[in-house]
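Please examine the structure shown below. The paragraphs that follow lead through some of its strands and one of its helices.

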Amino acid sequence: MTDQKPPVPLFDLKRQWADVREDVHAAIERVFASQQFILGPEVSALERECADYLKVRRTVAVSSGTDALLIALMALGVGPGDEVITPTFTFFATAGVIHRLGATPVFVDLDPRDFNADPAAVAAARTPRTKAVLPVHLFGQAADLDALRAAAPSVPVVEDCAQAIGTDYRGVPVGGHGLLGCFSFFPTKNLGAFGDGGLVTTNDEALAERLVDLRVHGMRPKYVHHLVGGNFRIDALQAAVLRAKLPRLDGWVSRRRAGAAHYRELFAAAGLDGVVGLPAELAGRGHSYNQFVVRVPRRDALREHLSKLGIGTEVYYPIALHEQACFAALGHRRGDFPRSEQAAGEVLALPIFPELRAEERERVVAGIASFFAAR
C-alpha cells in the first residue's frame, strides 16, 4: 500500500486562521458590544490605519473591490460618451465597471515582461474622449506608473490595486501614485476580510469627500441628496477583522516574497529555465505575489497532471476581456491583442500563500519537472 500525500492547496485560509484567531475574536466581540454594524468608529479607524500604511491622505472603505472601482469612476464623473483605457488581460471587474457607467472600455495589450498594460499601447489608444486610464497592478506586480502617466499626460490615473496591497512603486506604496487607488479585501487577497470589502485611496481632499457622499447615496446631511450615489457601505465587522489583520500584512508579504525566491531556486535546480517562464521583478517596481503566475507550454495538460498529483493551480485568466461575449459590440476580433491572447493560453498560478511550506513548493516544482521529463 502506498502512502498518499496530502494535497498541496492553491490557497488555505485555515492556516492563517490559526495565527489571527485570538485577535479576530476580540475584534468581533468589540463590534458585538457596540451593536453598530454599518460604518461607525471601526470603519473610521480602519480608514485612518490604512491611510497611514499606504502613505496617503485619505481612504474611504467600501463594500467590495469592484465597488471601489465603480465609485472611483463615479467620483470622476465617468459616463456615456467617455472612454477609459484599461488592459484586456485582467479580472472582469476592471472593465465591467466602465461599461456599467455607460462609458466605453478601451482595451490595450500587455507588456510581456509583467502582464501589465503596455504604456506604448496606452499612448496609441488615447483620444479626446479619454476620461481616465485604469491600469492594474496584476498579480501584485506594480505597473510602470511613470511610463503610463507619460503616455497620457493630464489624464487621471485610477490604479487598480486589488491584487497589490503591500506592493511598492519606487519605494512608495501603490494606490497613492494616481489620482485614485482601488483595493479589494476579498478573503484570498494579501489582506482579506471575512467576506467582501474594498478601499479607495486619494490625496485629493475634495475628491475624498465626494467619495464619502457617493458611498451613502450621495447624502449629506441625512436625507439631503445633492448627487446620486449608491449603497457602497462596508460592514463594521469586516473593518474590525481587517484591523486585526493589518499589523501582520508586512510579515505575510515578506513570506510570499520568500516563497517566490524559493520557487526560483527550485526551478533553476530542476533545469527548467527556458521551459517555465517565471514572473519578473523589475527595477523600482515591487511585487507582493498575490499570485505566483508562470508561463508554460501545454498549460492545460500540465494543470491536469498536477491535479492528479494533488497540487492545486488556477488560470488567471483564460479569456482576455476583448473576447468575452458581453463586449462583442466593441467589435474586437481574435488577433487584435496577440500578447494578451498568448498569455491567456500559457499562464498558470501556483500556490504561494504565506503559510505554504517549503516541502510543498518542492512538490509543486517536482510535479512540473516530472511532466516535462515524460515528454
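Strand E10 (residues 292-295) is joined to strand E11 by 4 bridges, and the two run antiparallel. Here strands (E, at least two residues) and helices (H or I, at least four residues) are DSSP runs, numbered from the N terminus, and two strands pair if DSSP finds at least two bridges between them. Val293 has Ala349 as its bridge partner in E11. The model is a predicted one, in which local features need pLDDT of at least 70, side-chain atom pairs count only at pLDDT 80 or more, and totals for chains, interfaces and linings use all residues. Residues are numbered from 1 along each chain as its sequence is written, and side-chain values use heavy atoms, with hydrogens and water left out.

In a regular strand, side chains alternate between the two faces of the sheet. From E11 (residues 347-350), Val347 and Ala349 point one way and Leu348 and Leu350 the other way; all are buried (under 20% relative accessible area, with exposed over 50% and partly exposed in between; 1.4 Å probe, protein chains only).

An open sheet is formed by 3 strands in the order E3-E2-E4, with parallel pairing. Because E3 (104-108) and E4 (130-133) stand at the edges with a single partner strand each, one side of each has no neighbour in the sheet. Strand E2 (residues 83-87) is joined to E3 by 5 bridges, and Val84 stands opposite Pro105 in E3.

Helix H2 (residues 41-54) contains 14 residues. Its buried residues include Val43, Leu46, Cys50 and Leu54. After H2 comes Lys55, with a positive phi near 60 degrees.

Note on methods:
Expected span 1.5 Å × (residues − 1).
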